[in-house]
Amino acid sequence: MKFFLDTGNVEEIKRIVRLGLVDGVTTNPSLIAKEGRDFKEVIKEITSIVDGPVSAEVISTKGEEMLKEAEEIVKWAPNVVIKLPMTEDGLYACHELTKRGIKTNVTLIFTAAQGLMAAKAGATYISPFVGRLDDIGVEGMKLIRDLRTIIDNYNMPTEIIVASVRSIAHVEQAAIAGGHIATIPGSLVPTLWKHPLTDNGIARFLKDWESVPKK
Ligand code: E4P
C-alpha cells in the first residue's frame, strides 16, 4: 500500500519524507486554510519536496470554471493532481481533464456508486472518506472493500485513496481491505511506528546494559 500525507504542512512532510514513507500528498481547502499561506506557494513547495503526486483541489463548482482553475494549477508543477468534487460538474471536469492527459482525484466519495461513476469518468484516483462515514454510523471500511471489488471486477486503472483516516486501526484496515493508498494526517503518522512496549523494551535493554562489564 502506498502512503500519502494528508496535510498542507511542509514541516510535517519534511519530517516523514526523510523516513522514505511518503509516496504522495493530498491537500484540501480546509488543510490549506490551516496553514495561513498562499495556496500556490504551498503547493509549489510541497511538489518540490515530494516526487509523487500532490493533490490540489479546485474551489469552483461549475465545470468550465473547474477546467480553468485546473489548467492554471497544472502549470505549477509536473506532479500536481487536480482534485475535483464528486458532483455532475466534477465528473464533467474529470472526463475533460482525463482527455487532456491531466491526472485527477475525485473527492468526497461516500458510496460505491459515486466511486464507480468517478472511475468511469476516468479518475486517476478516487477518495472515499472512511472517517466521515464512521462519524454518521456507517462502516467506512465496507466502502473500501466494495470499491476494490468493483475496480478489480473490471480491471479499472483508477486507484483508491482511503481518505478521512483518523486512527492506526483505519490505516491497518485500509491495507487489509485493499485500498491502493491511504492518505494519512501528518500528525497521525508518528503514532504508527510507536508502541509503549517498544519504549519500555528499549528502556529495559539500556538499564540491563549498564550491568554489562566494560573493559
Ligand atoms: C483527503 O483527501 C481528504 O480531504 C481528507 O482525508 C479529509 O479528512 P477529514 O474528514 O478528516 O477532514
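Mentor: Two strands pair if DSSP finds at least two bridges between them. Keep that in mind for this predicted model.

Trainee: How many strands form the closed barrel, and in what order do they run?

Mentor: The pairing here is parallel. Neighbouring strands are turned by 30 degrees against each other on average, direction ignored. The closed barrel has eight strands, in the order 1-2-3-4-5-6-7-8.

Trainee: Over how many bridges do strand 1 and strand 8 pair?

Mentor: Strand 1 covers residues 2-6, and strand 8 covers residues 181-185. They pair in the parallel sense. Phe 3 stands opposite Ala 182 in strand 8. The number of bridges is five.

Trainee: Which residue of strand 2 stands opposite Leu 5?

Mentor: Strand 2 spans residues 24-26 and runs parallel to strand 1. Three bridges join the two strands. The residue opposite Leu 5 is Val 25.

Trainee: Which residue of strand 7 stands opposite Ile 126?

Mentor: Look at strand 6, residues 125-128, and strand 7, residues 159-162. They pair in the parallel sense over two bridges. Opposite Ile 126 stands Ile 160.

Trainee: Which helix lies across strand 6 and strand 7?

Mentor: The helix spans residues 140-153. Its direction is at about 170 degrees to strand 7. The answer is helix 8.

Trainee: How many residues of the shell around the ligand are polar?

Mentor: Among the residues that surround the ligand are Asp 6, Thr 26, Thr 107, Phe 129 and Arg 132. The shell has two nonpolar residues and two charged ones. The polar residues number seven.

Trainee: Is Thr 111 buried, exposed or partly exposed, and why?

Mentor: Thr 111 sits in the loop between strand 5 (104-109) and helix 6 (112-120). A residue is buried at 20 or more other C-beta atoms within 10 Å, and exposed at 12 or fewer. Thr 111 has 15, so Thr 111 is partly exposed.

Methods
Residues numbered from 1 in each chain as written. Predicted model: local features only at pLDDT ≥ 70, side-chain atom pairs only at ≥ 80, totals over all residues. Near = placed C-beta within 6 Å. Nonpolar A, V, L, I, M, F, W, Y, C, P; charged D, E, K, R; others polar. Helix = DSSP H or I, 4+ residues; strand = E, 2+ residues; numbered from the N terminus. Axes fitted to C-alpha atoms, helices over the stretch in contact; angles between N-to-C directions. Contact = placed C-beta atoms within 7 Å.
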